[in-house]
Amino acid sequence: MAADQRLRLHFTRAAFILSSTEDSLDGLAPLLLTLQQAGAASLAVVGTNGTCDKVEGIVDTILDKRTNHPQVQTCETTSEVSKEWFQVYQDEYMMVRAKS
């Protein structure tokens, strides 16, 4: 879909994963390869419980460690019920908070 819409994915700074199922992570590997080819510095990935381990597995499998690749930072929202909001991502355009 991104290619059809002529979106420039190499500007992507963050990915928000709503579930840690395989279907939810399908587009992450192509995105990481696109970012690596474009020379992107980093990607923040925010997801639910279990997302970090799966994302780190994809990063270790997909990205070539011998070349320059984006630094991937992961953040999981907890399964504990909380009334407090906490910050999961911020850049110069937006701040994202989560609440379990």
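**Notes on the predicted model**

1. Start in the middle. The largest nonpolar core has 15 residues, and Leu28, Leu32, Leu43, Val45 and Val55 touch the most other members. A nonpolar core here is a set of buried Ala, Val, Leu, Ile, Met, Phe, Trp, Tyr and Cys residues joined through side-chain atoms within 4.5 Å. Buried means under 20% relative accessible area, exposed means over 50%, and partly exposed is in between (1.4 Å probe, protein chains only). Helix 1 (28-38), strand 2 (42-47) and helix 2 each supply at least two residues of this core, and helix 1 gives the largest share, 5 residues. Helices (H or I, at least four residues) and strands (E, at least two) are DSSP runs, numbered from the N terminus. There is also a second, separate core of 7 residues, with Val46, Val88, Val96 and Ala98 among them.

2. Before going on, a word on the ground rules. This is a predicted model, where local features need pLDDT of at least 70 and side-chain atom pairs count only at pLDDT 80 or more, while totals for chains, interfaces and linings use all residues. Residues are numbered from 1 along each chain as its sequence is written, and side-chain values use heavy atoms, with hydrogens and water left out.

3. Now have a look at Leu43. Leaving aside neighbours within four places in sequence, Leu43 is in contact (heavy atoms within 4.5 Å) with residues including Thr12, Ala15, Leu28, Leu35 and Val72.

4. Setting aside residues up to four places away, Gln36 touches Leu63, Asp64, Thr67, Asn68, His69 and Pro70.

5. Rings of Phe, Tyr and Trp (its six-membered ring) pair if their centres lie within 6.5 Å; planes under 30 degrees apart count as stacked, over 60 as edge-to-face and the rest as tilted. Phe16 and Tyr89 are edge-to-face, 6.0 Å centre to centre with 85° between the planes. Phe16 lies in strand 1 (residues 14-16) and Tyr89 in strand 4, so the pair ties together parts that are 73 residues apart in sequence. Tyr89 is buried at 9% relative accessibility, whereas Phe16 is partly exposed at 38%.

6. Next, the charges. Side chains of opposite charge can pair when their charged atoms come close. The count is 3 salt bridges, each a side-chain nitrogen of Lys or Arg within 4 Å of a carboxyl oxygen of Asp or Glu. Arg13 meets Asp91 (3.8 Å, N to O) and also Glu92 (2.8 Å, N to O). Arg13 lies in the segment before strand 1 and Glu92 in the loop between strand 4 and strand 5, so this pair ties together parts that are 79 residues apart in sequence. Asp91 is buried at 18%, while Glu92 is exposed at 55%. Elsewhere, Glu22 and Lys54 meet at 3.9 Å, N to O. Glu22 lies in the loop between strand 1 and helix 1 and Lys54 in helix 2, so they link parts 32 residues apart in sequence.
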